[in-house]
Amino acid sequence: MLGGLERVRGESVLFDGFPRHYEQIEVFFHLLQGHQLEFCAVLVLTLDFETAVQRLAGRRLCPECGALYNLYTNPPQSAGKCDECEHELIQRKDDWQEIVRHRFGTYQLETVPVIDFFKREYPQLCWEESAAAPMHEIGNRVRKRLEQIMCQSANAQRKGQCEGNAGDHF
Ligand SMILES: [Zn+2]
């Protein structure tokens with residue numbers, strides 16, 4: 001990660017899933033300071049437990065070519081068949097209910113305190129987005145919002161250079 005940060009010095013950096021533990025918050029601010037990065041926003045993607053379980057349960061795999069599908073977010077063109085090779089899709093036998101329960105427990109224990117910290121200390125920078133919408137919709141919303149934020153931040157430094165982009169609504 002440090003190598004990646006060096007390369008983008010002076011530009012925008014997105015930390016994906018970091019800090020994830022409370023102890024990493026200090027490391028995070030240290031990195032910002034060390035690389036003269038301005039702290040602009042915290043994005044929290046939310047998904048309720050039931051939806052997460054349902055999504056994992058909807059995963060399907062083509063045993064022939066390895067293509068992955070999801071009945072809820074990325075279904076195959078014709079039910080139960082691979083788009084690429086028309087082989088019948090299977091559900092992997094991994095114990096998804098256990099996996100999601102375990103991940104959810106870890107999230108509650110380790111990551112929720114990090115989110116609470118940022119909401120408490122930087123409420124104006126925090127922004128929550130539901131991950132229940134289709135992937136491309138979330139992607140569009142997040143991209144627009146990030147462009148806005150980066151523009152505002154750039155505007156604060158050198159006034160009025162990108163007002164055209166800052167007017168986007170969603
Ligand atoms: Zn296939």
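**Exercise 1.** In which strand is the place of E128? Determine also whether E128 is buried or exposed.

*Solution.* The model is predicted: local features need pLDDT of at least 70, side-chain atom pairs count only at pLDDT 80 or more, and totals for chains, interfaces and linings use all residues. Residues are numbered from 1 along each chain as its sequence is written.

Step 1. E128 is placed in strand 4, residues 126–130; strands (E, at least two residues) and helices (H or I, at least four) are DSSP runs, numbered from the N terminus.

Step 2. E128 is exposed because 12 other C-beta atoms lie within 10 Å. The classes are buried (20 or more other C-beta atoms within 10 Å of the residue's own), exposed (12 or fewer) and partly exposed (in between), with C-beta atoms placed from the backbone.

Step 3. Leaving aside neighbours within four places in sequence, E128 is in contact with V44 and T46, where contact requires C-beta atoms, placed from the backbone, to lie within 7 Å. The C-alpha atoms of E128 and L45 are 6.0 Å apart, although these residues are 83 apart in sequence.

**Exercise 2.** Locate H87 and state which residues it is in contact with, leaving aside neighbours within four places in sequence.

*Solution.* Step 1. H87 belongs to the loop between strand 3 (68–70) and helix 4.

Step 1. With 13 other C-beta atoms within 10 Å, H87 is partly exposed.

Step 2. Beyond four places in sequence, the contacts of H87 are C62, P63, E64 and C82. From H87 to E64, 23 residues apart along the chain, the C-alpha separation is 6.5 Å.

**Exercise 3.** Describe how helix 3 and helix 4 cross, and which residues make the contact.

*Solution.* Step 1. The axes of helix 3 (residues 49–57) and helix 4 (residues 96–121) come within 9 Å and cross at roughly 145°. Axes are lines fitted to C-alpha atoms, for helices over the stretch in contact, and angles run from 0 to 180 degrees between N-to-C directions.

Step 1. Helix 3 contributes F49, A52, V53, L56 and A57, and helix 4 contributes W96, Q97, I99, V100 and F104.

**Exercise 4.** Where does pLDDT stay under 50?

*Solution.* Step 1. The mean pLDDT (the predictor's confidence in each residue, from 0 to 100) of the protein is 83, and 85% of its residues reach 70 or more.

Step 1. Residues 160–170 stay under 50, and the model has 17 contacts beyond four places in sequence for them.

Technical notes:
Two residues are in contact if their C-beta atoms, placed from the backbone, lie within 7 Å.
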